[in-house]
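Look at the structure first, then try each question.

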Amino acid sequence: MNVEQFCSASRVVIVAGKGGVGKTTVTAALATAAARAGASVLIVEVEGKSGLSTALGCPPLTYEERPIADRLRARTLTPDEALLEYLEERGLRRISRRLVRSGALDVVATAVPGMQDILVLGKVKQLERGGTADLIVIDAPAAGHAVSFLMSARGLLDAVRVGPVRTQAEDVIALLTDPERCRVVLVTLAEETPVNELIETAFALEDRVGVKLGPVVVNAVPDPLGVDGPALADAADAGLAVPLPVAAALDAAAAFRSERRTLALAQADRLAQRLPLPQLRLPFVFGEIGPRQVGELADALTTGIHALPGPT
Amino acid sequence: MSALADLVAHRRVVVCCGTGGVGKTTVAAVVALAAARSGRDAVVVTIDPAKRLADTLGLVELGDAPREIPRERWDLDARAPAQGRLSALMLDTRATFDGLVRRYSADGEQAERILDNRFYRNIAGALSGTQEYMAAEKLHELSDEGGYDLIVVDTPPSRHALDFLDAPQRLTRLLDNRIFRFLMMPTRAYLRIASSAVQRFLRTVGRVIGAEVLDDIVAFFRAFEGMEAGFRDRAVRVGELLLDPSTAFVLITSPRRDSVDEAEFFAARLREAQLGVSALIVNRVHPDFGGGPPDQLRRRAAELREHGDPAAARLGARYENLADYAELGDRERRALRAVATRIGAATVAYVPSLPHDVVDFAALAAVASQLFDHADVSPPSAQHRPAG
């Protein structure tokens with residue numbers, strides 16, 4: 001499969017995973033890969049402070065979308081602003097201000113579970129329907145929030161029987177459960193606990209939300225070093241001298257990397273056995289995540305996507 | 001005795017804070033284990049432990065009461081004094097909240113009215129901050145009634161790491177909200193006496209979320225009547241417990257800059273609240289392999305690549321790899337430079353990046369020995385590197 005085919009499978013891709021697994025980096029890399037392949041892409045950040053702007057090398061994102069690179073734009077989506085927009089579009093501008101000022105928004109958010117998530121996802125649906133981009137990549141909330149974020153529409157149907165909020169929830173469910181409109185890409189580290197949690201999340205999302213799962217991204221797998229035996233053996237073969245303490249350091253660092261790679265691959269294999277989804281593996285990145293690292297990861301994703309089975 | 005060991009030996013409450021994914025739950029379990037091994041009666045309150053760690057701690061199901069872990073399971077080298085005990089509890093937010101409602105309701109009927117209310121069920125399950133609030137509540141309950149020497153609390157993986165501190169006040173603030181007070185009036189009466197502006201406002205809210213949801217809210221606040229004082233009083237006492245000198249805050253961070261920045265921000269907030277950070281634990285620090293500074297290693301790698309010989313190229317790859325780890329180590333040390341001063345922590349301890357998850361008692365004990373058995377826990381040194 002090539003990246004264009006990958007992008008055209010659904011307009012919305014939600015990137016989800018627990019905190020610390022590199023969800024934001026994957027969001028940036030996937031969007032970059034898609035934009036490079038010729039798609040117009042919009043990145044949506046739904047939780048403040050996710051580090052997207054650092055990864056993309058731009059000032060903090062705002063509710064107004066902004067161009068990042070060729071064909072690549074980014075914006076945030078917050079419940080408060082989505083609600084204001086929602087009410088203003090219905091001619092309730094003055095009410096909306098009072099809602100926020102009086103704290104009634106808190107009341108409403110408390111009264112209706114998932115109200116905030118619905119406002120955000122409702123706006124995503126509007127963007128999707130409006131055809132604002134070929135691909136909309138969403139950096140979903142972290143941790144266990146991913147499931148509740150996507151479950152909120154179902155929960156809301158139980159609580160609210162009539163009215164515009166219910167309609168909104170129904171529209172969101174229609175979006176989430178249509179594999180031609182929306183996919184979820186789950187991200188994990190190749191470590192025991194994150195893999196276990198990803199498996200649980202994957203089944204919960206499929207069974208309880210009915211959302212289509214795209215390939216799983218297994219992040220931070222160290223690349224092979226391609227060496228074998230002690231450093232001094234290579235030095236001898238090349239007729240070069242290496243001080244003994246340096247040789248020891250070279251060997252220790254090589255052994256560390258090789259051990260981490262073996263463990264990571266074992267976890268990725270275990271994941272493959274327990275969860276029958278294709279995997280995209282990304283290398284461990286030594287540097288802090290910035291535009292250059294994101295670019296490299298975009299290349300790795302492109303290679304990985306090419307290796308995926310083609311559309312049927 | 002290191003400052004950390006002292007903390008475990010003498011404090012009554014240890015609160016473990018930090019952002020998600022840094023190993024808070026593990027550290028909480030390690031602290032409780034170390035206390036039990038030193039002869040204290042310790043309990044760890046976990047929020048959402050990974051399954052294998054939960055199994056290790058005997059937390060097979062949610063329970064509102066702590067369970068003691070049989071000594072032979074955690075005292076692997078049989079060195080704990082006889083009075084040392086270890087118990088664990090997995091926070092059940094809903095059950096804890098229900099217990100609070102029962103405690104403060106005038107009678108069983110009032111309690112049931114609240115527990116059956118849909119709005120209450122949403123608060124108990126989904127109100128952001130409820131988990132934090134109930135963790136604080138559970139801490140208070142165990143402190144008052146548990147009889148433990150040491151209570152170690154894990155805090156929920158919040159979007160904002162500070163929610164735990166604010167949580168007890170949150171419901172109180174909700175109760176003080178003008179709109180809520182208004183809604184406490186007898187059903188529908190609010191529409192009669194309300195000004196026309198307020199009426200329009202409430203009708204709009206009703207139109208958006210549905211009138212029945214509004215009715216639920218009204219019913220909840222009516223049922224809640226008379227209980228606010230109890231809740232408010234409780235929130236005050238939780239605040240006092242957190243401020244007590246026998247309570248210690250331990251911050252957990254990864255050595256990455258963003259995570260350290262977050263810890264620093266958290267520490268500043270704790271200081272504002274007159275609370276000090278007793279210890280900072282830096283988890284998953286990469287090893288320092290030595291061999292020289294990274295730029296020197298990289299130059300050597302480049303020379304070797306240009307050498308033309310396959311063995312030299314392989315050697316170059318090794319240098320490049322060592323340079324990568326050296327740079328990573330340097331970056332971690334830079335992020336942690338003067339961190340003790342910046343955070344105002346009495347002590348800073350480091351846990352190395354381990355190849356396996358810490359999910360059984362052997363691994364917990366290994367981390368405990370890393371943290372508590374060394375008199376002077378210092379950062380991985382950047383000195384003493386031989387020239388490359």
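Q: Is Tyr120(B) buried or exposed?
A: This is a predicted model, in which local features need pLDDT of at least 70, side-chain atom pairs count only at pLDDT 80 or more, and totals for chains, interfaces and linings use all residues. Side-chain values use heavy atoms, without hydrogens and water; residues are numbered from 1 along each chain as its sequence is written, and chains are lettered from A. Buried means under 20% relative accessible area, exposed over 50%, and partly exposed in between (1.4 Å probe, protein chains only). Tyr120(B) has 0% relative accessibility, so the residue counts as buried.

Q: Which kind of aromatic pair do Phe97(B) and Tyr120(B) form?
A: Rings of Phe, Tyr and Trp (its six-membered ring) pair if their centres lie within 6.5 Å; planes under 30 degrees apart are stacked, over 60 edge-to-face, the rest tilted. For Phe97(B) and Tyr120(B), the centres are 5.3 Å apart and the planes are at 80°. The pair is therefore edge-to-face.

Q: How many residues apart in sequence are the parts that Phe97(B) and Tyr120(B) tie together?
A: Helices here are DSSP runs (H or I, at least four residues), numbered from the N terminus. Phe97(B) lies in helix H5 (residues 93-104) of chain B, and Tyr120(B) in helix H7 (residues 118-126) of chain B. The parts they tie together are apart in sequence by 23 residues.

Q: What does the pair of Phe256(A) and Tyr325(B) join?
A: Phe256(A) and Tyr325(B) form an edge-to-face pair, 5.4 Å centre to centre, with 85° between the planes. Phe256(A) lies in helix H12 (residues 244-274) of chain A, and Tyr325(B) in helix H17 (residues 310-335) of chain B. So the pair joins two chains.

Q: Over which ring does the charged end of Arg75(A) sit?
A: A charge sits over a ring if NZ of Lys or CZ of Arg is within 6 Å of the ring centre and within 35 degrees of the ring normal. The charged end of Arg75(A) is 4.6 Å from the ring centre. The ring belongs to Tyr63(A).

Q: Are H16(B) and H17(B) roughly parallel or roughly antiparallel?
A: Helix H16 (residues 294-306) of chain B packs with H17(B) at an angle of about 165°, their axes 8 Å apart. Axes are lines fitted to C-alpha atoms over the stretch in contact (heavy atoms within 4.5 Å), and angles run from 0 to 180 degrees between N-to-C directions. Under 35 degrees is roughly parallel, over 145 roughly antiparallel, 65 to 115 roughly perpendicular, the rest oblique. H16(B) and H17(B) are therefore roughly antiparallel.
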